[in-house]
Amino acid sequence: MNRMEELNALLAEADREVPALEETLDRAYAKKKKRTAQILLRSLGSFAAGFAIFVLLVNFCAPVAYACSRVPGLRELAKAVTFSRSLSDAVDNEFVQPMDLSQSANGITAEIAYLIVDQKQVNVFYRLSSEEYPILNADPDVYNSEGGYLHHSLVNYAFDLERGELGNFTIDFTDGDVPERLICSLQVWASDISAGPPEPVTDRFPEFEEIPEPTYLAEFEFLLEFDPLFTAAGKLYEVNQTVEIDGQKLTVTEVEVYPSNLRINVRESESNTAWIQTLEYYIETDRGIRFESGSNGLIATGAADDPYLTSYRAESTYFYDVEQLKIVITGAKFLEKAHQTTYVNLVTGETGPLPQGAAFESALREGDDWIVSFRADWTEGTPMHQLFQHLYYDPEGNEYEINMWSSTFGEEDENGKFTYFLDIFPLKDYPYDEVWLTPMFSYRWAADTEIAIIVE
C-alpha cells in the first residue's frame, strides 16, 4: 500500500461515528489552570522549558506546495505549521492522520481536522465556528481513554481564532509513548472584541491585575484513536559520549528522532559545581543541512523533582537522508549549586548573587503585595526575558509561587537597539521586607572552539 492509499484508508476510517461518552468523566486528577496576562504556567507532572511562540507566515517552498496539490485539504494545514520546520516536513511527506470529528453545542461547532502524531507527540489541529461569536478560544485538556489523569505536557498555540480558522496544540509525552487512544477536551469561550481592555483596579501595574476565569460557552470531548502506522515512527541512537563545558561534564546518552521533534537525552555529572540551565547548540547532518534547537514550543524537559534538564529538543531530521549527525555546542547558561536561592531586601535593595548582568531596580509595596523589578543586559534575538524561577521563600522558609511576570524593553541606543530589559513580577500576599528568590541562571558561557558530538 503506497502513501496515498494509506491516507485514503485513513479518511474512510475517519467517517465512522465515534461512540458517545455516556457518563461524565472523572475529573479527580484535573488541575486548575492559572491564567495570566503574559504567561500561562502548566504543571503536569514534569517540567518543560518553553519559549514564546511567534508564528511567522512565510512563503511555501515548492515541495510543500507540490505535496498539498496531491492531498486535498492539506494546503491549510501547511499554512498552519510554517512556524515549525519539523511539522512542515511532516506535511510535506504526507505524514498526517486526517480526522473528521465534529460536535455542536450552544451554537458552536468544534471539529478535530488533522493529527500529526508519532511515538512521542500528538499535534492536534482543530476548528471552532459560530454564527454568534466571531472570535473563539479553546482551553484544551487531555485524559486517558477512561477519563483519568494522563502524564503529559501541553503547549497551546492558538488564541482568538476567527470562524473556521485552524488552531493547534501539542501533547508531548516525555516518560512514555503516545497511547493507542486518549480523550481530548476543548472548553470554548469567546473574546469580546468590542469591549476593549478592562478597567484596571490600580493605574500603576494593570498587567498584574487578576484575570478572571473565562465563562465557557461549551465543552467538547473527542476520543482520539491513533493509527499504529504513525505512532510506531521513531529512531533511537545510543551515544554515551561525555564532553566538558566550562569545567562541567555533560554526557549525551542517546538521541531520539521522531517526525515531530528530535530529543537529545543527557546526564550531568554529580561532581559538577553548577547545573546547565540552558544549552545552546545546533545539529548538522553529514550532508551539511543545519537544524536548530527547540521544537513545537518546547526547548527542554526534565523530571519535576530534579534541578537539571534531562532532554533537549530540536527540529527533526527524520525525513532526511542522514547517515551521521553532529551536535555542535556553542554556549550555555549555568546555575551554581551554591546559589540556588538568593537574598533580596525589598526595602534597601541589598541582594545576594544575581544572574550575570542583572541588578536590582525597584520594589513597590501595594498593601500586602510587592511589585519587584530587576534590570538586566539585553540579549539580542530573545523576545521574552526572565531572570528568576517561579518559586520564592520568606524568612521562615515557607514556599510561594509567582504565576505572572512581565518583560519590558529598556532604553535604545543611538543605533535604535535596546540596551537592557526589565524583568517585573508581583509577590502576592507577601507582607515581609525580605525574600529569597530562585535565579534562572548564575552566569553565561560561550565556546571558544567547537564542541562537537558525533551521532552515527
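Reply: A cavity is a set of points on a 1 Å grid over the protein atoms alone where a 1.4 Å probe fits but cannot get out, and its lining residues have an atom within 4 Å of a point. The model here is predicted, so local features need pLDDT of at least 70 and side-chain atom pairs pLDDT 80 or more, while totals for chains, interfaces and linings use all residues. Residues are numbered from 1 along each chain as its sequence is written, and side-chain values use heavy atoms, with hydrogens and water left out.

Me: How many cavities of 30 Å³ or more does a search of the whole structure find, and which residues line the second largest cavity?

Reply: The search finds three cavities of 30 Å³ or more, and the second largest cavity holds about 40 Å³ of space, a volume being the space filled by probe spheres set on the points. Its lining consists of Gln386, Phe388, Gln389, His390, Ile402, Trp405, Asp423 and Phe425. Strand 22 (388–393) and strand 25 (420–427) are the elements that give two or more residues to this lining, and strand 22 gives the most, with three; strands are DSSP runs of E of at least two residues, and helices runs of H or I of at least four, numbered from the N terminus. The lining divides into four nonpolar residues, three polar and one charged.

Me: In what order do the four strands of the open sheet lie?

Reply: Strands of a sheet pair through backbone hydrogen bonds, either parallel or antiparallel. In this open sheet the order is 7-5-9-10 with antiparallel pairing, where two strands pair if DSSP finds at least two bridges between them. Strand 7 (161–162) and strand 10 (218–225) are the edge strands, each pairing on one side only. Strand 9 (residues 181–190) is joined to strand 10 by eight bridges, and Leu186 has Phe220 in strand 10 as its bridge partner.

Me: What is the phi of Asp160, and where is this residue found?

Reply: Most residues other than glycine have a negative phi. Asp160, although not a glycine, has a positive phi of about 55 degrees, and Asp160 is found in the loop between strand 6 (153–156) and strand 7. Asn240 likewise has a positive phi of about 55 degrees, but Asn240 lies in strand 11 (residues 235–245).

Me: Is Thr82 buried or exposed?

Reply: Thr82 has 17% relative accessibility and therefore counts as buried, the term meaning under 20% relative accessible area with a 1.4 Å probe and protein chains only, with exposed over 50% and partly exposed in between. Asp160, at 41%, counts as partly exposed. Thr82 sits in the loop between helix 3 (75–80) and helix 4 (85–92), and a polar atom of its side chain lies 3.3 Å from the backbone oxygen of Lys79.

Notes: Polar contact = N/O pair within 3.5 Å; in protein donor to acceptor, adjacent residues only side chain to side chain. 1 Å grid on protein atoms, 1.4 Å probe; cavity = no way out; pocket = protein on both sides within 12 Å on 5 of 7 lines; lining within 4 Å. Nonpolar A, V, L, I, M, F, W, Y, C, P; charged D, E, K, R; others polar.
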